[in-house]
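Keep the view open and check each answer as you go.

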Amino acid sequence: MLSRTADHLFWMARYMERAENTARLLDVNLQNLLLPQDPIDDEDDTDIAHALAGGIDNEAGWRATLRISELEPAFNRKHARATRANVLDFVVRDRDNPSSIACCLAAARENARAVRGTLTTELWETVNSTWLEFPRMLDLLERDPAHLFEWVKVRSHLSRGVSFGTLFQDDAFYFTRLGLFLERADNTARILDVRFHEAAHKAGPDPSHPTDFYYWSAVLRSVSGFEIYRKVYRDVITPERVVELLMLNAHMPRSLLASLTGVCENLATLSNAQSGDVERYAGKLQSELKYTDIQQIQQQGLHPVLTEFLERVSVLGNKISQTFLIPLAA
C-alpha cells in the first residue's frame, strides 16, 4: 500500500476517535460540576453567588480539562477566563483550535475524501454525513451539551462499526485499526489523569473525599465502563479499582492494556523488514502494563505513571509514522 494512502486511513481513524474522546473528556467535567461541592461559608453571600455561577472550583475544573489536553496556552491567547461557555466554545467548535471536535470531524472527513476509492460507500457516507450534520447539532452546545457529546460518541461508534463490518481486511483495514487503538490509548490516559490536575489546584489529592465516589462513577460512565465495573468487581466503586480496570484489564475495551494490545496485533499484521524497532517498542510498553499491578502504580504515583505513558505513546506514534507512513527518501 502507498504510504500516503496508509497515512490518510491512519489519521482518519485517529481524528474520529479523538473527536469521541474529547466529547468523553468534556462530559466527565460536566458531570463533575453536578456533584456536591465543598461547603461554602454561609456568611459570605458573594462567594455563594460566585460558586453558583461557576466560581473558582469550576474554573479549576475547566482548566484541568484544557491542561490535560495540552490546550491551555492556546486557550489563554483567546480567552481571559476558563468559564464553561468559553471552554466549550474553544474545545467543541473553534476552527482555530486544531484539536476541537469541529476540526477533528473536518480532518477525518478530509482524510477519508483523499482515499475515497479505498473506502466502502457506507464508510464514506458515514464520515461525510457526520461532518455535514455537525453544524446543526451545535445548536445543542449551550442548552444541552451532554446530548451533543452523546451524538458525537454515537457517530464515532457508527463509523467504527461500519469500518469493521464493510472494509476488506487488507492493509487499509489494519492501518485504520492501528490509528484507532493508538488514539484510544492516549485519550483514556488523559481522562484518568484529569483528576490529578483538578486536585493540584486544591489542597492536593484526597482519595477519602466524599465526592470521589461520584467522580469516579462519572469517569466510568464517560468510558462506557460503569456496567463493566459492576460485573467485574460487584462492589462499591473505589479509585484504585477504577484505575485498575481502565489501565490493566485486558477485557475492558477502552483500557490502556487493551488499546496497546490492539496496537501490537495490528503492527504484527503489518510487519515488514523495517518494522522491528517499532514492534519491539510497542511490545515492551504493552508488556509493562500486562505484568504490573495496581500496587506498583500506587507506589509510583498515578500521575507520574500516566505522564510517562503519554510520552511513550507519543514516541510510539512517531515511530509508526517513520516506519509506515512517511515515504522514504529516494
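Q: Which helix gives the largest share of the lining of the largest cavity?
A: Helix 9 does, with five residues. Helices here are DSSP runs of H or I with at least four residues, strands are E runs of at least two, and both are numbered from the N terminus. The model is predicted: local features need pLDDT of at least 70, side-chain atom pairs count only at pLDDT 80 or more, and totals for chains, interfaces and linings use all residues. Residues are numbered from 1 along each chain as its sequence is written, and side-chain values use heavy atoms, with hydrogens and water left out.

Q: What makes a space a cavity?
A: On a 1 Å grid over the protein atoms alone, a cavity is a set of points where a 1.4 Å probe fits but cannot get out. Lining residues have an atom within 4 Å of a point. Grid points are joined across faces, edges and corners, and a volume is the space filled by probe spheres set on the points. The structure holds two cavities of 30 Å³ or more.

Q: Which residues lie nearest the centre of the largest cavity?
A: They are Ala 13, Ser 159, Arg 160, Thr 176 and Leu 180, out of 14 lining residues. Helix 1 (3-33), helix 7 (121-137), helix 9 (145-166) and helix 10 (171-199) each give two or more residues to this lining.

Q: What classes of residue line the second largest cavity?
A: Five are nonpolar, three are polar and none is charged. Nonpolar covers Ala, Val, Leu, Ile, Met, Phe, Trp, Tyr, Cys and Pro; charged covers Asp, Glu, Lys and Arg; the others, Gly among them, are polar. This cavity has about 40 Å³ of space. Helix 1 gives the most to its lining, with three residues.

Q: Why is Cys 103 called buried?
A: Buried means under 20% relative accessible area, exposed means over 50%, and partly exposed is in between (1.4 Å probe, protein chains only). Cys 103 has 14% relative accessibility, so it counts as buried. Cys 104, at 0%, counts as buried too.

Q: How do you know whether Ser 259 is buried or exposed?
A: Look at its relative accessible area: the value is 0%, so Ser 259 is buried. Ser 259 is found in helix 14 (residues 256-269).

Q: What does Ser 259 contact beyond its neighbours within four places in sequence?
A: Contact means heavy atoms within 4.5 Å. By that rule Ser 259 touches Phe 181, Arg 184, Ala 185, Pro 253 and Arg 254. The C-alpha atoms of Ser 259 and Leu 178 are separated by 9.5 Å, though these residues are 81 apart along the chain.

Q: Why is helix 11 called largely enclosed?
A: Eight of its eleven residues (212-222) are buried, so the rest of the structure largely encloses helix 11. Among the buried ones are Tyr 215, Trp 216 and Leu 220. Just after helix 11, Ser 224 takes a positive phi of about 55°.

Q: How many helices and strands does the chain have?
A: The chain has 17 helices and zero strands. Of its 330 residues, 54% count as buried.

Note on methods
On a 1 Å grid over the protein atoms alone, a cavity is a set of points where a 1.4 Å probe fits but cannot get out, and a pocket is an open set with protein on both sides within 12 Å along at least five of seven lines; lining residues have an atom within 4 Å of a point.
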